[in-house]
Amino acid sequence: MENALTPLEEVRSNIARACKAARRKSDDITLIAVSKTHPAETIEPLLEQGQRVFGENRVQEAEAKWPELRARYPDVELHLIGQLQSNKADEAVALFDSIHSLDRMSLLNALAKAMDKAGRRVPCFIQVNVGDEDQKGGCSLSELPDLLAAARAADIPIAGLMCIPPFDIEPAPFFALLAKLAADNGLSGLSMGMSSDYETAVMLGATHVRVGTALFGKRGA
Ligand SMILES: *Cc1c(COP(=O)(O)O)cnc(C)c1O
């Protein structure tokens, strides 16, 4: 067992392999360790191994967990990857370094207000509902241009686009679609790929992969 890789090393090495295959540099990929539902004790080993970028999907859970961890690891970067209610915009802007779920005008206005109030601009990804699914977050393809224009007008820094493809079908075409939308709009950031498909996402241009299960094991297990 002495040569066994930790889950973190394994994910990093898979990302490096996908980068090599796609002739990309590993440095261009940010691995977001999705620590939602996991307690501080589970997160610490990753911090000790040098991981600094983490993702949470609930403002309240992150507020409860991260201030203490951050006091000890001040260079942690926290990404909000879950849906955000407009009435939590102030908290989200105070806590997170990046927000991946900007997907509608009402939230955009709330975030702009929150950023003005806090005197802090938090880079956002616009989430696109690439599979056109009913209950999924994300704007439709046709809403994207207006959201981008409104973000620019409100001085919200847009890091790129984010998607969660339909779970029961090959994700590659959806990743390719998101990459094309980003390129068409002059955006460089692509938040796509989870535990089951992050290598595919990297090969199709992901700059941010959001990996939970492959690093922490099954949630609620
Ligand atoms: C939970 C979650 C992930 C991580 O999913 P895994 O399959 O556990 O890697 C990624 N992105 C979002 C938006 C999530 O909610």
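L78 is buried in this predicted model, with a relative accessibility of 0%, where buried means under 20% relative accessible area, exposed over 50% and partly exposed in between, computed with a 1.4 Å probe on protein chains only. The model being predicted, local features need pLDDT of at least 70 and side-chain atom pairs count only at pLDDT 80 or more, whereas totals for chains, interfaces and linings use all residues. Residues are numbered from 1 along each chain as its sequence is written, and side-chain values use heavy atoms, with hydrogens and water left out.

L78 belongs to strand 3, which covers residues 77-80; helices (H or I, at least four residues) and strands (E, at least two) are DSSP runs numbered from the N terminus. Although L78 and D97 are 19 residues apart in sequence, their C-alpha atoms are 5.4 Å apart in space. When neighbours within four places in sequence are left aside, the contacts of L78 are F54, W66, R70, L95, F96, D97 and S98, a contact being heavy atoms within 4.5 Å.

In strand 5, F125 is likewise buried, at 1% relative accessibility. Beyond its neighbours within four places in sequence, N129 is in contact with K136, G137, G138, C139 and L141.

The structure holds 0 disulfides, a disulfide being defined as a pair of cysteine sulfur atoms within 2.5 Å. C124 takes part in no disulfide, and the cysteine sulfur nearest to its own, that of C139, is 13 Å away. C139 is likewise in no disulfide, its nearest cysteine sulfur being that of C163, at 11 Å. C124 counts as buried because its relative accessibility is 0%, and C139 is buried with a relative accessible area of 0%.

Helix 5 (residues 105-118) has 14 residues and should span 20 Å at 1.5 Å a residue, which agrees with the 20 Å between its end C-alpha atoms; the expected span is 1.5 Å times one less than the number of residues. Its buried residues are L107, L108, A110, L111, A112, A114 and M115, and these pack against helix 4 (89-95), strand 4 (98-102), strand 5 and helix 6. Helix 5 is followed by G119, which has a positive phi near 60°. A172, F174, F175, L178, A179, L181 and A182 are the buried residues of helix 7, and their packing partners are helix 6 (144-153), strand 6 (158-162), strand 7 (189-191) and helix 8 (198-203). In general, an α-helix has 3.6 residues a turn, so residues three or four places apart point the same way. Just after helix 7, G186 takes a positive phi of about 70°.

R23 has a positive phi of about 55° and lies in the loop between helix 1 (7-21) and strand 1 (30-34), where it is exposed, with a relative accessible area of 76%. D155, also not a glycine, has a positive phi of about 60° and is located in the loop between helix 6 and strand 6.

The largest pocket has a volume of about 340 Å³. On a 1 Å grid over the protein atoms alone, a pocket is an open set of points with protein on both sides within 12 Å along at least five of seven lines, in contrast to a cavity, where a 1.4 Å probe fits but cannot get out, and lining residues have an atom within 4 Å of a point. Grid points are joined across faces, edges and corners, and the volume is the space filled by probe spheres set on them. Of the 19 residues lining the largest pocket, K36, I81, I164, M194 and R210 are the closest to its centre. The lining comprises 6 nonpolar, 9 polar and 4 charged residues, with Ala, Val, Leu, Ile, Met, Phe, Trp, Tyr, Cys and Pro counted as nonpolar, Asp, Glu, Lys and Arg as charged, and the others, Gly among them, as polar. The second largest pocket, of about 200 Å³, is lined by residues including N57, R58, Q83 and K88.
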